[in-house]
Amino acid sequence: MLKIGEHELTKKEMVAAVILVLVVGVLIWFMIGLKPKPVVLHAPAQPGAVLLEGGQAGAGTGQFSYPRGIAVDSHGAIYVADSRNHRIQKISKDGKFLDQFGGFFNVGGGDVKKVTSTAPGKLNEPNGVAVGPDDSVYVIDSWNGRVQVFSPKGKNTSIFTTEDGFWGPREIAVSSTGLVYVADTGKHRIVEFDNKGKKLRAWGKLDSKTGQAVKGDKQGEFNEPIGLALDQAGNLYVADRLNFRIQVFSGDGHYVRQWPVDGWATEQIDMEPHMALDQAHGILYVTDGRGKKIYCYDIKDGKKVATIDKSAAGADYFQVPIGVAVDKDGNLYVVDAGLGKVVKMKGQF
């Protein structure tokens, strides 16, 4: 038996003592748990920091085969041109697959590159994607040589092209009033349409004999234009790829100004510079697929203010960045065609 001084504890007293110790221990633990915890303040993400990423190479939902264009609608939904799967995939703002439309979704194990059609609503290597003021989705159906318009649920609502046809168009931009601009890359011109798909005008260098647009390097002329972006004033920014410059035009096609781009390669493979404009912060994002970079320009003077290419640890962010988009909060979305994924990043502000 246990003694306390000269007193010998009975079994009942020993049990009571154990219970008392346990009760005191529980009370102490509970009081510690109620103690206010220190507040931990996390530093805000730095410009260029990765906020979210997802996707991988493949043909399943949420997988991509050389994706290109990207756009974000007013609700934050993301549309990605899954180019070599011949479809558009719709992704939620938190990165979850929502829907797909355009392709045949070849689940039988054949060559997905050959599963194409000219039927309405079907796509052949879609490239540029833009969202209109009513959240309609405009898609450059590159190798069907047309623009297709879809509802947010993927229903085809209209199709249009030019009287002489496009040749390998790459990118599209839609203004707040519904004007549509197409980079007709193979014909070295920009084509403007009204909100019903009626052609309004085209510009670029015209051949004096044929009247057709041809390569040129003077103001208002193009050599494989690709990326497009619009500002709030209706000015159109054009990535004039093989002239290694950005040209700016008024909404009706009049030349405004230009600035050079250092870094684009002359090769065609992986060189499809797309653009996105963060109007609120005055930053134009321009991709360089072969260089694995995104250039950030101040639209006031065309000066490069930053380059997004490597993490703080020095690792490459991208393998082949092509499509870019900016949401209403200024976040940047990048399509990595080489890795088959989409990356959401903190904008440069």
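**Entry 1. Pockets**

I began with the lining of the largest pocket, which by class has 22 nonpolar, 14 polar and eight charged residues. Here Ala, Val, Leu, Ile, Met, Phe, Trp, Tyr, Cys and Pro count as nonpolar, Asp, Glu, Lys and Arg as charged, and the others, Gly among them, as polar. I note at the outset that this is a predicted model, in which local features need pLDDT of at least 70, side-chain atom pairs count only at pLDDT 80 or more, and totals for chains, interfaces and linings use all residues. Residues are numbered from 1 along each chain as its sequence is written, and side-chain values use heavy atoms, with hydrogens and water left out.

I took a pocket to be an open set of points on a 1 Å grid over the protein atoms alone, where a 1.4 Å probe fits and protein lies on both sides within 12 Å along at least five of seven lines; lining residues have an atom within 4 Å of a point. The volume of the largest pocket came out at about 1200 Å³, a volume being the space filled by probe spheres set on the points, which are joined across faces, edges and corners. Its lining comprises 44 residues, and those nearest the centre are Val131, Val174, Leu230, Leu277 and Val326. I then looked up which strands contribute: S6, S10, S14 (171-174), S20 (225-230), S24 and S28 (321-326) each supply at least two lining residues. Strands are DSSP runs of E with at least two residues, numbered from the N terminus.

The second largest pocket holds about 340 Å³ of space. Of its 20 lining residues, Arg68, Trp143, Arg170, Gln268 and Glu272 are the closest to its centre. By class I recorded six nonpolar, six polar and eight charged residues in this lining.

**Entry 2. Salt bridges**

I next looked up the salt bridges, counted where a side-chain nitrogen of Lys or Arg lies within 4 Å of a carboxyl oxygen of Asp or Glu. The count comes to 16.

For the salt bridge of Arg68 with Glu272 I noted 3.0 Å between the closest N and O atoms. Glu272 lies in the loop between S23 (255-260) and S24, so its pairing with Arg68 ties together parts that are 204 residues apart in sequence.

I checked exposure with these cut-offs: buried is under 20% relative accessible area, exposed over 50%, and partly exposed in between, with a 1.4 Å probe and protein chains only. Arg68 is buried at 7%, Glu272 is buried at 8%, and Glu125 is partly exposed at 21%.

I also looked at Lys300 and Asp298, whose salt bridge has its closest N and O atoms 2.9 Å apart.

Strand S8 (87-91) is mostly covered, with five of its five residues buried. I found both faces covered: Arg87, Gln89 and Ile91 are on one side, Ile88 and Lys90 on the other. Two strands pair if DSSP finds at least two bridges between them.

S7 (78-82) and S8 are antiparallel and pair over five bridges; Tyr79 stands opposite Lys90. Their hairpin has four residues between the strands, and His86 takes a positive phi near 55°. S8 also pairs with S9 in the antiparallel sense, over four bridges, and there the partner of Lys90 is Asp99. In this second hairpin, five residues lie between the strands, and Gly95 in the turn has a positive phi of about 90°.

**Entry 3. An open sheet of four strands**

My last item was an open sheet in the order S24-S25-S26-S27, with antiparallel pairing. S24 (275-278) and S27 (303-308) stand at the edges with a single partner strand each, so one side of each is left without a neighbour in the sheet. S25 (283-288) and S26 (293-298) are joined by six bridges, and Val286 has Tyr295 in S26 as its bridge partner.
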